[in-house]
Amino acid sequence: MARDARSRVNSLRRLSYVAFGVACTHLVFGAIVRISGSGMGCGDHWPRCYGSFFPPLNRPDLIVEVSHRYLAVILLTTLIGLALTAWTRRSEAGVGGPRGVLRSASLAVALGVTAAILGAVTVKLTNAPFATLAHWTVAMSLVATVVATVIRAGGFGGASVRAVAVAGRTRRAAFAAAVMALATVVMGGLTAKYPGASVACLKFPLCGANPDVQAAAVWVQGVHRVLAVVLVFHLLGVMIGVRKRGESPAIWRAAQAAFGLGVLQLLIAGAMIGMHLPPVLRSLHEATGVSIWIATFALAYLARISGDGHGVREPRVVPQPRDLVDAGAVRASTPATAFSTAVAEPRLVEKKEPWQAELLVAENELAVRSEVLRDLTTEDTEGGTEDTEESVPAPLSLDAGRSFTLGEPQQFTAEVAESAEEDAAIELFSASSASSAVIEVAREEPVVERHIPHSIAVIIARGADL
């Protein structure tokens, strides 16, 4: 059962891809019709061409025009088939209802019929510029609707983008890019049809106005150029923002495609003007412009439907101290409480071990007491009898633990020895008491600030958290 449902979804997606391919091909032929001046290849006859649906192919302009009409019939047939397929499966999830394939496919059929009617009007009006522009604009809307149908069917990343919402700034920037792309493409169509506008500028990137054409024609191409340059820079900003905010892969690919096509379009425009390309190659410029419109619309639509499946933005993962310790990025001896990742100052605080603090205090105290004992011994021996056996107490020593001991004193004679031993015992007892008190205080203040070098992983972690 699940396999059958998946197969039906894939078949609907494949059919929408076929409709998209036919729509793009139809648009390319439409560009060739305008640039080559083949719009009146069949005269003012419509839908027949000189009284026949299959006229003799004896002229290039007739071949181009009738091929464009054949593609329009194929496209309309494909759209009707897609809509009927969606209608038969309207009860399935994602096919019927709001933002389902059926609604966008039905809209595509309506736009296809409208484009055909406007094509007839254009022929009857002998390719009037504004009638051609209306026909071109509806054709742009038609291909955008087909793109939306593909995305609703799960193509172009539509199946994955619904699970994760994008940032509001990404959604607004993508919408602005789509609006600018549509305006640029429409102005490109007007430039191709307005008298003298296609040759109004003789240089690139500056215009270098042609004195043989009207000033209005120069303005038409100038506005088209300005919009194109602004669009490319905006797409660059969109791509950087999408990358910085870590949007979904489908959004990232669409942003990359739109910006890459924008740069390619500028290069083709420069070659078209500087190298005076023939009409067939000049149609590549318009085809690239259509591709930019498709890419930017796909970007905007993907951003719009993101999170429809009640998705949320993926939380930014903050590395924990234990994770970096396990990865070997931070010394295991670094306390977890001394680790900071985001906005902390570049300083790590490390506690001293308790035995280090006790040892330091004990060494200081014992050094003072040893000096006092040495002074007492020196004074007593200088003022005593000759029988006094001069000796110096053994140096104070510390064991490897947290306690300290006093070495065995050497023997003194009579009074000096007794006096020195009594004083030493008193002083030793006092030193022990004082040392214990100081050690207890030291245990209450274990934090000592110290600069330690930052590892690369910690720096990366902080940068990722900003």
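**Helix 2 against helix 4**

I began with a crossing: helix 2 and helix 4 cross in a left-handed way (the near helix is turned anticlockwise from the far one by less than a right angle). Helices here are DSSP runs of H or I with at least four residues, strands are E runs of at least two, and both are numbered from the N terminus. The axes of helix 2 (residues 60-88) and helix 4 (residues 129-152) come within 13 Å, at roughly 35 degrees. Axes are lines fitted to C-alpha atoms over the stretch in contact, with angles from 0 to 180 degrees between N-to-C directions.

I looked up who touches whom, contact being heavy atoms within 4.5 Å. Helix 2 brings H68, L75, L79 and L82, and helix 4 brings H135, L142, V146 and T149.

Before going on, a note on the source: this is a predicted model, where local features need pLDDT of at least 70 and side-chain atom pairs pLDDT 80 or more, while totals for chains, interfaces and linings use all residues. Numbering runs from 1 along each chain as its sequence is written, and side-chain values use heavy atoms, leaving out hydrogens and water.

**H68**

Neighbours within four places aside, H68 contacts H26, F29, G30, V33 and H135.

**Helix 4**

I found helix 4 mostly covered, with 19 of its 24 residues buried. I also checked its length: at 1.5 Å a residue it should span 34 Å, and its end C-alpha atoms lie 35 Å apart, which agrees. The expected span is 1.5 Å times one less than the number of residues. Just past helix 4, G154 has a positive phi of about 105 degrees.

**The core**

I then went to the largest nonpolar core, which has 66 residues; L79, I251 and W293 have the most contacts inside it. Such a core is a set of buried Ala, Val, Leu, Ile, Met, Phe, Trp, Tyr and Cys residues joined through side-chain atoms within 4.5 Å. Helix 9 gives this core its largest share, 13 residues. I listed what W293 touches beyond four places in sequence: M140, V143, A144, A178, A181, L182 and V185. A second, separate core has nine residues, including L133 and V186.

**Whole protein**

I noted 13 helices and four strands, with 40% of the 466 residues buried.

Key:
Buried means under 20% relative accessible area, exposed over 50%, partly exposed in between (1.4 Å probe, protein chains only).
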